[in-house]
Amino acid sequence: MKRTLLRAALAVALLAAGAPAAPAAPAVPSVSTTASAADGDLADSWQPPLSTRGRYVVDANGDRFKLKSANWHGAQGSWNGSGDIADPAAHHDAEKSDQLPLGLDRAPVATILADFHALGINSLRLPFSNEMLHDQRPVPDAAVAANPQLRGKTPLQVFDAVVAATTAEGFAVILNNHTNTSRWCCGLDGNERWNTSQSAAQWEADWLFLAKRYKNDKRVVGADLYNEVRRTITDDANWGWGDGHDWWAATQRLGDRLLTEANPDLLVIVEGINWQGIPADGLPHGRPTLEPARTLSHTLVASGKLVYSAHFYGYTGPNHTGATGTGETHDWRYQELSRDELFATLRRQAFFVAADTGRHYTAPVWISEFGIGADETNPQARAWFGNLVDYLVANDTDFAYWPLVGFTGHGRWKLLDYDTEGRRSGILDGDDWRAPDWRRLVTAPGLTGPVPVVDRWNMLNLDHADAVQSLRTRARGDWDQGARKGVCPDGQRIVGLAHRDGRGLCTDAGAPRLDAPTGGFTVVTDERYVKEGDWAGGYTKLQCPRDQFMTGYSVRGQAVSAVLCTAASRALPVTGRTLWFDRGDNRPAGGPGGEFAAGNYKGQCATGEYAAGIAFTGAWAKGKTPDALLCRSL
């Protein structure tokens, strides 16, 4: 424990000047992460940066890194939105945070971090507000009374110090944009969307600024893009409509920008939509969570960087806001569901993302908020918590408890409380009914060590814009001006297309890194490469040259415009077949990759094939939409 205290104290001292720390990641072998170290060895147990393989997060050595996390809240703000902001009584649970992680007025950072080790966690979700990033006022001396080296600093400079001290202790840090303004979340508070109280451009700029700020601290591993996206008084956020409230499009764009303009090492974490509709009996309303990802998932320019997240609290429900009185409906709360009903609901709303392998939406799912009070006496609520922990353990799920730190005597949801003298109480001390479940959660057996490389599946969505997800192709510039273009991430190939609306399916299954690293591209707009026979008589055929394969396509309206072909790293067979899908789905059994164009006919080559061309016709009522694929053996 002395080593823990010393390292944290040193990091904070180094940050007293206000510059963010940038410790180099130690070049040490990875070891099992069955339980987090409590003696300072956590830093030696994993090697950043993190990425994903299928449903698992892995470190730089390819070893499992299970996110055993908790939320150190406060920098997102604590003011309830009414009353004197200087009065603690106007803040949530009378815990006035001054836009800082809670507890800095009561205990040294080194002590707090030592207690985090004792909890058995290995990572922290650090919420912040956009307002905090721009606040140039020095924090009140009283707000950092237990950490006097931080006096005179701005909230962001104190945040820097916390990040540096935390990562110096070996913890992984995930930054969470919790609110636009610095006030307590979550309701009709001006923070419902990423762009409710600010522009989307400002949201993106703030994220790029922050990602660049911590780029050299490799244990800052993730960007949790926004918290609990939900309805305003008049409008819902949506998933894929293409307007200014489209959460899917906003996160797709920002995720790509973070990876290409700021820090390619970050995990990009996208929470599902938390609420849609008016919460009144008889009106449509509910909590979509991650369900829309089944048919519209994210495809980032860097495969292996996407994590999905969701929040679950017992007093809320799949169609219940959690309100009592105003806004309360007669829908079930999660804690009112039977154990089996709860498990089925959890899987339907979020856990399918990790459970369903070999799908375009397959990714780690991080339950980045859940929690309950130590003073909870409702038997249903207590049973819900135990059942949720059972489900997390059984599914070996990444998690983050909310909240981590609070003030003694100010609510009982926190895992750790500190009084004004810095004395600790909570789940590590005394009789806390949550302690057995917590210990069971953080010590649960799960996959450790090397995680096998798995096939990647991704979808392309051209509903409203381009989906050029290849960095190599982006570097070439616009290869079909005026058309909507879709290109698979580097290393993948087109394997499926929709008959209408321009969606596609990509994979590297059966042939990882089929593309030649220094090979060229060919944009095909006519039949000049159709040399091995007419494989779709009477139809226009856009076919790749010999030893090239389809990685992209373009459309104008519904009509095919061009095919993008990429040189292969080896000679490719020319034996193949014509796959028609103009009158119905034509896919391999089981639909590998998942549903990527709901409501449309789809054609898909087998896993052991590559797509070498598209056929279409301009005949009456046909509209030049894709009708057939040329599928050739790998």
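1. Which residue stands opposite Val524 in E24? The residue is Val563. The model in which this pair is found is a predicted one, and the points below should be read accordingly.

2. E21 and strand E24, the latter made of residues 559-567, run antiparallel and are joined by four bridges. Both strands are part of an open sheet of five strands, whose order is E17-E18-E23-E24-E21. The pairing within this sheet is mixed. Strand E17 (467-468) and strand E21 (521-524) stand at its edges; each has a single partner strand, so one side of each is left without a neighbour in the sheet.

3. Strand E24 also holds Ala559. Is Ala559 buried or exposed? Ala559 has a relative accessible area of 16% and is buried, because buried means under 20%. Leaving aside residues up to four places away in sequence, Ala559 touches Ser554, Gly623 and Lys624. Trp402, by contrast, lies 49 Å from Ala559 in space, C-alpha to C-alpha, and 157 residues from Ala559 in sequence.

4. A further open sheet has four strands in the order E22-E27-E28-E25, with antiparallel pairing. Its edges are formed by strand E22 (540-543) and strand E25 (576-580); since each of these has a single partner strand, one side of each is left without a neighbour in the sheet. From one strand to the next, the twist averages 30°. Strand E27 (residues 609-616) pairs with strand E28 (residues 628-633) in the antiparallel sense, over six bridges. Within this pairing, Tyr610 stands opposite Arg632 in E28.

5. The helices may be considered next. Two packed helices are described by the angle between their axes and the distance between the axes. For helix H8 (residues 379-394) and helix H9 (residues 435-442), the packing angle is about 10° and the axes are 10 Å apart. H8 and H9 are therefore roughly parallel to each other, the cut-off for that term being an angle under 35 degrees. On the H8 side, the contact involves Phe385, Gly386, Val389, Asp390, Leu392 and Val393. These residues meet Asp437, Arg440 and Leu441 in H9. By class, the residues of the contact of H8 with H9 comprise five nonpolar, one polar and three charged.

6. How do matters stand between H8 and helix H7, and at what angle do the axes cross? Helix H7 spans residues 339-355, and the axes of H7 and H8 cross at roughly 55° and come within 11 Å. That angle makes H7 oblique to H8. The crossing of H7 and H8 is right-handed. H7 contributes Arg339, Leu342, Phe343, Leu346, Arg347 and Phe351 to the contact. The residues contributed by H8 are Trp384, Asn387, Leu388, Asp390, Tyr391 and Leu392. The contact of H7 with H8 has eight nonpolar, one polar and three charged residues. Asp390 and Leu392 of H8 take part in the contact with H7 and are also listed in the contact with H9.

7. Most residues other than glycine have a negative phi, and most peptide bonds are trans. Two peptide bonds may be set against this background. The bond from Pro48 to Pro49 is cis, with omega near 0°. Pro49 is found in the loop between helix H1 (2-14) and strand E1 (51-53). A cis peptide bond also joins Trp402 and Pro403, where omega is about -15°. Pro403 has its place in the loop between strand E12 (398-401) and strand E13 (405-407).

8. Glu228 has a positive phi of about 45° although it is not a glycine. Glu228 lies in the loop between strand E6 (220-224) and helix H6 (247-262). With a relative accessibility of 11%, Glu228 counts as buried.

9. Asp501, likewise not a glycine, has a positive phi of about 75°. Its place is in the loop between strand E19 (493-498) and strand E20 (504-507). At 32% relative accessibility, Asp501 counts as partly exposed, whereas Glu228 counts as buried.

Definitions and conventions:
Residues numbered from 1 in each chain as written. Predicted model: local features only at pLDDT ≥ 70, side-chain atom pairs only at ≥ 80, totals over all residues. Heavy atoms only, no water. Pairing = 2+ DSSP bridges. Helix = DSSP H or I, 4+ residues; strand = E, 2+ residues; numbered from the N terminus. Axes fitted to C-alpha atoms, helices over the stretch in contact; angles between N-to-C directions. Parallel < 35°, antiparallel > 145°, perpendicular 65-115°, else oblique. Contact = heavy atoms within 4.5 Å. Nonpolar A, V, L, I, M, F, W, Y, C, P; charged D, E, K, R; others polar. Left-handed = near helix turned anticlockwise from the far one by under 90°. Buried < 20%, exposed > 50% of the residue type's maximum accessible area, 1.4 Å probe, protein only.
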